[in-house]
Amino acid sequence: MAAASLTAGVVLPSGTAGAAVADGPTVDQATRATFQRLADAVFADRTQSLVDGAGSGPQQSHPRRASGFTGTVRLSAAQAREEGATLDALRARKSRLAQLGEKYSGAHTEVALDGAALTGRRATVDVTETTSLTYEKAEAGRPATTGFQAHHRLTFQADRNNAWQLTDVRDTDDGYLAVNQVARPAVAAPATSDDPPSATRSATTRPAPANPKNFSATGYDYAAMAAYATKYWSRYNPDYPDFSDAGAGGDCTNFVSQALKAGGWQHVPGYTTDFHKWFGNAEIQSDSFVGVNEFSWFALSSKRATSLANVYQMDVGDVLQLDFDRDGSKDHSMIVTSRSRQGVPYLTYHSTDTYNRSVASLIASYPSAAYYAYRT
């Protein structure tokens with residue numbers, strides 16, 4: 001990891017060539033590299049706060065990488081406090097995860113700089129974070145790792161001496177569900193429909209072992225669903241539109257529908273707004289193919305899915321939806337791509353692009369959300 005070998009006091013150029021104002025700062029290649037390395041340090045700190053043995057509370061077994069930046073590039077005082085609060089929240093999440101039987105033994109974070117723009121003494125920097133975590137003592141039948149790709153926008157401010165301070169970090173994905181993020185996601189406005197069916201809320205406490213899923217009852221290929229989701233969790237299928245850009249509404253349900261289609265779900269053509277219809281390709285998609293609530297209405301009314309009483313009953317090919325603020329309008333869709341022999345489902349999804357995240361991790365991150373599990 002690039003951030004691990006950083007030293008304090010990185011010197012930035014301060015000439016006038018290309019400056020936005022007289023004697024102002026520049027954002028040349030060296031400056032961009034420094035921005036990238038500080039971003040890498042910030043997100044590596046967040047990830048490491050979830051790793052077992054990395055420390056808890058004020059004393060940690062590894063030095064904070066971001067705190068090694070001083071002088072001409074550093075966290076502002078306000079952002080340092082914000083990062084401290086974020087790390088405290090993530091360490092609390094680590095404790096909740098341990099109570100749910102999950103720990104991470106290692107992690108790796110890399111940050112790529114996508115672009116930087118200078119306006120006066122303010123630089124806006126867009127980055128892509130790629131993070132993976134290793135499950136501690138991986139059991140048979142359980143994924144060895146989980147991971148995600150997330151996009152962020154960082155704001156740097158230069159003082160009169162052209163020394164840079166990181167003043168703001170914003171997540172720019174539509175769904176703020178990365179393992180090391182604490183921001184709450186934006187909630188979409190409730191959808192309207194003509195008397196749609198209601199899903200049954202699922203419990204999140206771990207029950208006694210449930211009856212296994214009958215993978216031959218429906219004729220669907222659940223392994224193909226999981227394989228599709230695993231293939232396209234981070235590189236999107238060009239045969240479908242991408243709704244992950246800000247303002248597009250999110251790509252989560254579109255991705256789940258694609259995986260179900262790969263496993264044998266057939267189109268039901270008709271009007272795009274009719275939740276009894278379901279179809280999607282490069283040119284046109286029904287609301288039920290791409291909308292969280294509309295998908296639930298179609299899946300239940302068509303009998304292609306039934307509600308599960310508990311999230312731990314899910315198996316490969318089943319779908320989980322979350323209502324983050326319990327307002328009755330569901331906000332996010334995911335598909336199960338693995339299940340351990342101990343009965344823990346692992347989910348893969350878009351926005352933020354994530355693979356093999358355990359249901360325990362979701363519960364630890366969003367303990368107050370409403371969960372809706374579906375047997376497909």
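User: What should I know before we start?

Analyst: The model is predicted, so local features need pLDDT of at least 70 and side-chain atom pairs count only at pLDDT 80 or more, while totals for chains, interfaces and linings use all residues. Residues are numbered from 1 along each chain as its sequence is written, and side-chain values use heavy atoms, with hydrogens and water left out.

User: Why is Ser49 called buried?

Analyst: Buried means under 20% relative accessible area, exposed over 50%, and partly exposed in between (1.4 Å probe, protein chains only). Ser49 has 0% relative accessibility, so it counts as buried.

User: Where is Ser49, and which residues is it in contact with, leaving aside its neighbours within four places in sequence?

Analyst: Ser49 sits in the loop between helix 1 (29–48) and strand 1 (55–56). Helices (H or I, at least four residues) and strands (E, at least two) are DSSP runs, numbered from the N terminus. Contact means heavy atoms within 4.5 Å, and with those neighbours set aside, Ser49 touches Leu87, Leu90, Arg91 and Lys94.

User: What makes strand 10 largely enclosed?

Analyst: Strand 10 (residues 332–339) has eight residues and seven of them are buried, so the rest of the structure largely encloses it.

User: How do you know that strand 10 pairs with strand 9 and with strand 11?

Analyst: Two strands pair if DSSP finds at least two bridges between them. Strand 9 (residues 319–323) is joined to strand 10 by four bridges, running antiparallel. Four bridges also join strand 10 to strand 11 (residues 345–349), again antiparallel. Both cases therefore pass the cut-off of at least two. As for partners, Gln321 bridges to Ser333, and Ile335 to Thr348.

User: Why is helix 3 called oblique to helix 4?

Analyst: Axes are lines fitted to C-alpha atoms, for helices over the stretch in contact, and angles run from 0 to 180 degrees between N-to-C directions. The axes of helix 3 (residues 222–232) and helix 4 (residues 252–262) cross at roughly 135° and come within 7 Å. That makes the pair oblique, because angles under 35 degrees count as roughly parallel, over 145 as roughly antiparallel, 65 to 115 as roughly perpendicular and the rest as oblique.

User: Which residues of helix 3 and helix 4 meet?

Analyst: From helix 3 come Ala224, Met225, Tyr228, Ala229 and Tyr232, and they meet Phe255, Gln258, Ala259, Leu260 and Ala262 of helix 4.
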